[in-house]
Amino acid sequence: MSKAYSRQSHESGDNYLDLLRMTTSTTSCIRGRVVFLATSVCSALTTFVAVVFFAVGIGDGSVSSFNLVLWLGLLSVMALSLWAGYALHARGRVVLAIAALAVTALPGILATLFVLLAIVTQPRWN
């Protein structure tokens, strides 16, 4: 009876998840939550900026039928990154969620650092 029970619980993965929960330290759990929160905020802000640029472009006519497909593709990938990050985090896949969110968060962070560097150093562009 115990063999059948252990085989059944092993097949369902319950023991593995319990073992994983017991061996995970609270420090790494908190660090994972903080990194996930930081990447999700950066990714959401980057997506928001892209949507604002798209809306302004629609308003002033710079987004035309020629480049509308490019814009829709860009916004779709950004929305997919946000959705995948939250879906993976809800399923407990924190590392994959952070990787999915990093697709849109890293370019936003790098662009922000570039603008801050240009403001602080005040380079001559000629």
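The bend at a residue is the angle between two axes, one fitted to the seven residues ending there and the other to the seven starting there. With that in hand, here are the close-ups of this predicted model.

**View 1. The bend in helix 5.** Helix 5 covers residues 94-121, and at Ala 102 its bend comes to about 50°. Ala 102 is itself buried. Other buried residues of helix 5 include Ala 97, Ile 98, Ala 100 and Leu 101, along with Thr 104, Ala 105 and Gly 108.

View 2. Although Gln 122 is not a glycine, its phi is positive, at about 45°. Most residues other than glycine have a negative phi. Gln 122 is exposed, because its relative accessible area of 63% is over the 50% cut-off.

**View 3. Asn 67 in the loop between helices 3 and 4.** Here we look at the loop joining helix 3 (26-60) to helix 4, where Asn 67 lies. The side chain of Asn 67 reaches the backbone nitrogen of Ser 64 at 2.8 Å. Asn 67 has a relative accessible area of 17%, under the 20% cut-off, so it counts as buried.

**View 4. Confidence, from helix 1 to helix 4.** Across the protein, pLDDT averages 84, and 78% of the residues score at least 70. Confidence is highest in helix 4 (residues 68-90), with a mean of 95. Helix 1 (residues 2-12) has the lowest, with a mean of 50.

Note on methods:
Residues numbered from 1 in each chain as written. Predicted model: local features only at pLDDT ≥ 70, side-chain atom pairs only at ≥ 80, totals over all residues. Heavy atoms only, no water. Helix = DSSP H or I, 4+ residues; strand = E, 2+ residues; numbered from the N terminus. Buried < 20%, exposed > 50% of the residue type's maximum accessible area, 1.4 Å probe, protein only. pLDDT = per-residue confidence, 0-100. Polar contact = N/O pair within 3.5 Å; in protein donor to acceptor, adjacent residues only side chain to side chain.
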